[in-house]
Amino acid sequence: MSVISTFFGYKPLDTFMHRFDGRVKFLLYLAFVISAVAWSDPIYLLCLLAVVLICGKLAKDYFSSMIKTILIPFPGYIMILLFNIFAFDYTVKQTLSWTPLYIGWAIPKIGSFGPYGHVSIEGLTFTLGVCLRLGIFILASRLFLRVASPSDIVAALEKLKIPLSITMAISVAFGYLPELARQVSSILEAQKVRGWNIKTKNPFKVAKAFAPIVVPIVTRSMTRAEFIAAAMVSRGFGASSKRLSLKEIKFTKKDYIATAILLTFLGVSILIGIWVLNIANFRFTSFLIRSLLSQRLL
Amino acid sequence: MRSETAIKQPIMSPRQIAIAGIFGALAMIVTGMGLALPGYLPLVNFELQGTFITIATMAAGPIAGIIVSFLVSLVSAVGVISCPFYWPHIFVLAAFYPKIYEVKNVALRFVLFWVVSALALFIQYWGWWWLYAAVFKIMTVEAMFWYNMVGGPYIIYLLIWALIPSIVLVTTPNFVKPRWRMPGIIWLALISSIIAIILGLLWW
């Protein structure tokens with residue numbers, strides 16, 4: 001379980017969130033991700049983020065750990081901010097029905113140089129929305145993997161009528177994770193003992209340096225795959241069309257209620273999102289901020 | 001009266017299942033351990049899952065490639081939503097690979113494999129560019145195009161997606177012999193390529 005926890009972050013707890021059917025957990029993940037894509041307004045997205053955080057708390061996740069997870073792609077947020085400061089006027093501005101409220105330049109005019117990066121309230125609002133979207137993506141993934149065990153995922157896929165061959169392959173992958181992780185670690189350690197090290201930051205040289213690691217990993221895995229295939233054939237895999245499941249899952253009343261709520265939420269979020277009514281658009285918060293600012297100025 | 005039992009043929013053989021499972025697990029471990037080449041963007045690395053997706057597709061078909069991409073997406077930061085963006089590459093490779101394998105001349109087979117991998121990667125890129133430009137707003141498709149195609153990342157990704165698989169193709173061809181059949185793969189490759197390129201072009 002420790003290796004599974006390392007790669008997936010799954011925590012075998014008995015919480016409100018853990019007790020849902022695997023299909024409901026997947027639907028919850030999809031509802032968060034699709035809503036995050038459909039909305040661009042920071043207020044809507046902040047509310048969604050709050051819901052994800054509450055679900056995380058219900059799954060007994062630590063608030064500080066969740067915040068740290070959101071901050072992992074911090075350089076990405078900086079890139080998004082820089083890009084939108086300089087590109088907002090060329091990429092998104094035309095979707096506005098009013099002139100943006102500019103508050104200054106990112107690079108002021110120095111002699112004949114500049115100015116560059118016209119910073120506007122609308123641009124910053126839009127950027128905040130995009131950063132929140134990325135944060136929700138990451139946090140929703142964390143939540144899904146925290147509450148859905150590998151066996152939950154496989155059982156849910158089976159119940160969703162995904163062909164047996166595919167669910168079996170996923171089971172094999174989860175089953176062999178600990179063994180393969182040990183194998184990869186031992187190869188890494190063996191090559192380090194032989195003096196393997198990456199001292200350069202040149203990606204071409206790093207690619208060359210990775211060969212002594214990747215080649216043995218691949219060759220050993222090829223052999224292992226052949227062994228597993230032989231074992232499956234010798235045990236009569238596929239001989240019987242009737243298959244029993246070790247873990248039988250059933251939809252309970254709680255799962256039906258959660259599914260109904262999630263489907264309704266998903267429907268509403270798509271309706272107010274960019275594809276239909278476009279209400280949850282960053283213009284909403286931009287307009288609010290502009291109104292507040294103009295009231296203060298008056 | 002004679003009774004007949006119809007045995008439902010599974011969509012994958014035990015060998016294909018084992019390959020998809022093992023290479024899927026491997027891709028998850030490599031991604032989860034953070035084994036990646038530095039230098040794509042500040043603090044964004046070139047991840048190695050392409051190697052395992054390609055080998056799985058060659059040896060066990062496009063469904064195996066899709067399974068590996070699904071498993072990798074489970075441990076990636078963006079999550080399962082990133083999974084379909086690998087598919088154009090998988091379908092394009094799977095559409096041409098059986099023909100490439102049949103080429104008797106090893107050198108020509110090797111070159112053709114690289115050409116198809118380069119084409120598949122180029123098509124795959126468009127979907128990712130759309131994701132980064134339309135959803136994450138990190139760059140425009142145009143900027144991503146020039147940076148990736150001229151700045152060097154395309155070559156590094158091509159090395160990741162094709163170098164070790166091509167070595168496997170030359171040294172242990174029996175392992176990657178296409179013993180699979182996928183009806184309509186040409187159409188799948190064509191449709192997924194068109195979708196990826198149109199998405200990218202719409203956001204150019």
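Select residues 106–135 for H5(B) and 185–202 for H8(B), and you'll find them packed at an angle of about 45° with axes 7 Å apart. Those axes are lines fitted to C-alpha atoms over the stretch in contact, and angles run from 0 to 180 degrees between N-to-C directions. Helices here are DSSP runs (H or I, at least four residues), strands are E runs of at least two, and both are numbered from the N terminus.

A word on what's on your screen: this is a predicted model, where local features need pLDDT of at least 70, side-chain atom pairs count only at pLDDT 80 or more, and totals for chains, interfaces and linings use all residues. Residues are numbered from 1 along each chain as its sequence is written, while chains are lettered from A and ligands numbered from 1 in the order in which they are written.

From H5(B) they include B:Trp126, B:Trp129 and B:Trp130, and from H8(B) they include B:Ala196, B:Ile197 and B:Leu199. The contact divides into seven nonpolar, four polar and no charged residues. Nonpolar covers Ala, Val, Leu, Ile, Met, Phe, Trp, Tyr, Cys and Pro; charged covers Asp, Glu, Lys and Arg; the others, Gly among them, are polar.

Now zoom out to the whole of chain B. What runs along it from the N terminus? The order is α-β-β-α-α-α-α-α-α-α, with eight helices and two strands. Its C-alpha trace spans about 70 × 40 × 35 Å along the principal axes. Of its 204 residues, 53% are buried (20 or more other C-beta atoms within 10 Å of the residue's own).

Next, bring in chain A. The contact takes 51 residues from chain B and 55 residues from chain A. Which element gives the largest share of chain B's side? Pick H1(B), which supplies 16 residues. That side of chain B divides into 40 nonpolar, eight polar and three charged residues.

Last stop: select residues 150–159 of chain A, helix H7, where eight of the 10 residues are buried. Among them are A:Pro150, A:Asp152 and A:Glu158.

How values were computed
Buried ≥ 20, exposed ≤ 12 C-beta atoms within 10 Å, placed from the backbone. Contact = placed C-beta atoms within 7 Å.
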